[in-house]
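Please look over the sequence and the three-dimensional structure shown here before reading on. The report is meant to be read beside them.

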Amino acid sequence: MPSLFDTPENWRKDPSSAFAAFVLAPEFLALSKRKPAALDANGAPIPPAPIRGSSAKIYILMFGKFLRWISARNKTVFDVSSSDLTAFLQQGRGPDGEKVLNSAIRSQYLGLLDRVYTHLKVQN
């Protein structure tokens, strides 16, 4: 069942709330690239367990960082191009010299953004 926030209009007006609802929806898990860990007695894949609250919080924080990044460039989730996504994922070092996105976090962002844009069916 779609969430109250799962409309393009709400993704435009309040992408943070739309994402917070999406991350808890079965569609978010269904878009995961991970394979089911087990099969039931009939050989059908057992769906993944619902996302933990702590994991949802991390995803929401990650998406918030992405939203701040695109907002600083006067863009919305629907205005982002593939080159924008690449620039976000390839961020170098922050003003303090620390890495902004290391390779493990970059991979997590890649999976997260892939799910969002697959769900929104936005072609960049």
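## Basis of the model

This is a predicted model, in which local features need pLDDT of at least 70 and side-chain atom pairs count only at pLDDT 80 or more, while totals for chains, interfaces and linings use all residues. Residues are numbered from 1 along each chain as its sequence is written, and side-chain values use heavy atoms, with hydrogens and water left out.

## Overall fold

The secondary structure of the protein comprises six helices and zero strands, where helices (H or I, at least four residues) and strands (E, at least two) are DSSP runs numbered from the N terminus. Read from that terminus, the elements follow the order α-α-α-α-α-α.

Of the 124 residues, 31% count as buried; here buried means under 20% relative accessible area, exposed means over 50%, and partly exposed lies in between, with a 1.4 Å probe and protein chains only. The protein exposes about 8,200 Å², of which carbon and sulfur atoms supply 57%, the areas coming from the Shrake-Rupley method with a 1.4 Å probe and, for residues, only the protein chains shown counting as cover. Among contacts (heavy atoms within 4.5 Å) between residues at least 6 apart in sequence, 52% join residues at least 24 apart.

## The nonpolar core

In soluble globular proteins, nonpolar side chains tend to be buried together. In this model the largest nonpolar core has 26 residues, and those with the most contacts inside it are Trp 11, Phe 19, Phe 63 and Phe 66; such a core is a set of buried Ala, Val, Leu, Ile, Met, Phe, Trp, Tyr and Cys residues joined through side-chain atoms within 4.5 Å. At least two residues of this core are supplied by each of H2 (15–23), H4 (53–71), H5 (82–89) and H6 (103–120), and the largest share, seven residues, comes from H4.

Helix H2 illustrates how residues are covered: its buried residues are Pro 15, Ala 18, Phe 19, Ala 21, Phe 22 and Val 23, and what covers them includes H1, H3 (26–30), H4 and H6. Ala 20, also found in H2, counts as partly exposed at 25% relative accessibility. Although Ala 20 and Tyr 59 are 39 residues apart in sequence, their C-alpha atoms are 8.5 Å apart in space.

## Aromatic rings

The structure holds 11 aromatic pairs, for which rings of Phe, Tyr and Trp (its six-membered ring) must have centres within 6.5 Å, with planes under 30 degrees apart counted as stacked, over 60 as edge-to-face and the rest as tilted. Phe 19 and Phe 28, both buried, form an edge-to-face pair at 6.2 Å centre to centre, with 85 degrees between the planes. The pair of Phe 63 and Phe 66 is tilted, because the ring centres lie 6.0 Å apart and the planes stand at 40 degrees. Phe 63 and Phe 66 are both buried, and both lie in H4, three residues apart, about one turn of the helix.

Ring pairs link Trp 11, Phe 19, Phe 22, Phe 28, Tyr 59, Phe 63, Phe 66, Trp 69, Phe 88 and Tyr 109 into a cluster.

## Charged side chains

A charge sits over a ring if NZ of Lys or CZ of Arg is within 6 Å of the ring centre and within 35 degrees of the ring normal. Arg 12 lies over the face of Phe 78, at 4.1 Å from the ring centre, and Arg 73 lies over the face of Trp 69, at 3.8 Å from the ring centre.

The structure also holds two salt bridges, each defined by a side-chain nitrogen of Lys or Arg within 4 Å of a carboxyl oxygen of Asp or Glu. Glu 9 bridges to Lys 13, with the closest N and O atoms 2.8 Å apart; being four residues apart in H1 (residues 8–13), Glu 9 and Lys 13 are separated by about one helical turn. Glu 9 is partly exposed at 49% relative accessibility, whereas Lys 13 is exposed at 64%. In the bridge of Lys 75 with Asp 84 the closest N and O atoms are 2.8 Å apart; Lys 75 is partly exposed at 29% relative accessibility, and Asp 84 is buried at 13%.

## A loop residue with positive phi

Asn 74 lies in the loop between H4 and H5 and has a positive phi of about 55 degrees although it is not a glycine. Asn 74 is exposed, with a relative accessible area of 70%.
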